[in-house]
Amino acid sequence: MTILHWSAIAAWAIAAIIWVEVIRDLYHVLAHIWPPLTRLHNWHHRVFRPDLTPTSALIYRQAQWYNDVPESCVMIAFSLALWGLAWSVTPEVAWGCSAGVLYSLVFLLSAMARGMGWAWAHDLTDVTHLPGPFPTPPSRWWVNRPYHWRHHFENQNAYFCSTLTVVDQLMGTALSLKGKTIAVTGASGTLGQALLGQLQANGAKVIALTSGHQPIELNGQEIPSQRWQVGEEAALAETFANVDILVINHGINVHGDRSPDAIDQSYQVNAFSAWRLMEAFLETVDGDRDRVRKELWVNTSEAEVNPAFSPLYELSKRTLGDLVTLRRLDSPCIIRKLILGPFKSNLNPVGVMSGDRVAAKIVKLAQRDVRNIIVTINPITWVLHPLKELTVSLYFRWLTRPYPVTEICANQDISSES
Ligand SMILES: [Zn+2]
Ligand SMILES: [Zn+2]
């Protein structure tokens, strides 16, 4: 057999495993929509307390027979169907698809072992439901415990995935904004207003953080707002304690001014006040529930990698971008960057994109759990930003020491909250 032959077999094997994972996640979605399946799946949702200990050994075992075993059978059936399809296309290499059948069979056998009440099966094979503190925030590509916890205790109509997060990413259910308290700085600006509107439309409770005196309105209704000034970031700490997502979006553009004052203002507003807000917010991430639920979104702008035709805007925004990259290395919660191209606003009257469309896109991409949210018409940003983020992040990681993250407190925190 040639290398080509073996590669084709391996390709079918990998495709078969991804296929059954997708089937499992779609089956799970269906179980939340179609009543006959919902009845079976409810057993799974009845099992766990918020600290992920089973409410009763009997319910845990029954949930395996009613939910996990049928789910594995569906996976086996669909893996056989794929094998059949592969056989009709490329008969000599189709047996690579047996990997999908074997993989599903392992799930069936472990579900049965858990159904028998064998403790080792729970510890070894039910990894997303193991109790214990969460050492990291929800992960991006693989479902970890904090990721799946949100499906049980945050929003059962999101976070459907079991192993790979692809289905949630495609469906926009990889982040739920429903019921979350989201504060936005720069709330009186074009993008700030548009973001508040989009976030509210997606079920969030919004708070406007603004330095202006005008009340902030959405659809003719005044929304809760808090005044703050650059330099007074610490005063927002109390508000941040009850905020799930902080969007740092304020900024200043001094355009052609290159006076010492302009330099000072650009760095104070665009870089240092944003950084101080970040720190004040990260201070409030305390315990498992916060690590899972809280997020920081920072508008660093496309100026991170491209000219913005305003040198001090670029310099200060690049500083902010680098500070976010550095701080991400030890962050106790998810930090997203908003890397935006020129949209029409008071800061940039010649911008080409509309603020509303940019805001809608940002929210869509966040719901797909994109961590570096790029919205621009400039294709160079799509190439340069990922490269810059990766290389700068590695450089910072190699040349700096980890900053001790506060003691991971036990998950009593979670059980008392929900
Ligand atoms: Zn579960
Ligand atoms: Zn479910």
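# Strand β6 and its surroundings

Visitor: Over how many bridges do β6 and strand β7 (residues 295-299) pair in the parallel sense?
Guide: The model is predicted: local features need pLDDT of at least 70 and side-chain atom pairs count only at pLDDT 80 or more, while totals for chains, interfaces and linings use all residues. Residues are numbered from 1 along each chain as its sequence is written, and chains are lettered from A and ligands numbered from 1 in the order in which they are written. Helices (H or I, at least four residues) and strands (E, at least two) are DSSP runs numbered from the N terminus, and two strands pair if DSSP finds at least two bridges between them. For β6 and β7, parallel to each other, the number of bridges is 4.

Visitor: Which residue of β6 is the bridge partner of alanine 183?
Guide: Strand β1 (residues 181-185) runs parallel to β6, joined to it by 3 bridges. The partner of alanine 183 in β6 is leucine 246.

Visitor: Are the residues on the two faces of β6 (residues 245-248) buried or exposed?
Guide: A residue is buried if 20 or more other C-beta atoms, placed from the backbone, lie within 10 Å of its own, exposed if 12 or fewer, and partly exposed in between. Ile245 and Val247 lie on one side of β6, Leu246 and Ile248 on the other, and all are buried.

Visitor: Which residues does valine 247 touch, leaving out those up to four places away in sequence?
Guide: Contact requires C-beta atoms, placed from the backbone, within 7 Å. By that criterion valine 247 touches Ile182, Ala183, Val184, Thr185, Leu195 and Trp297.

Visitor: Within what arc do the buried residues of α13 fall, seen down its axis?
Guide: The buried residues of α13 (residues 355-367) are Gly355, Val358, Ala359, Ile362, Val363, Leu365 and Ala366. They line one face of the helix, because their arc is limited; the arc is that of the directions from the helix axis to the C-beta atoms. Its value is 165°.

Terms used. The expected span of a helix is 1.5 Å times one less than its number of residues. Two residues are in contact if their C-beta atoms, placed from the backbone, lie within 7 Å.
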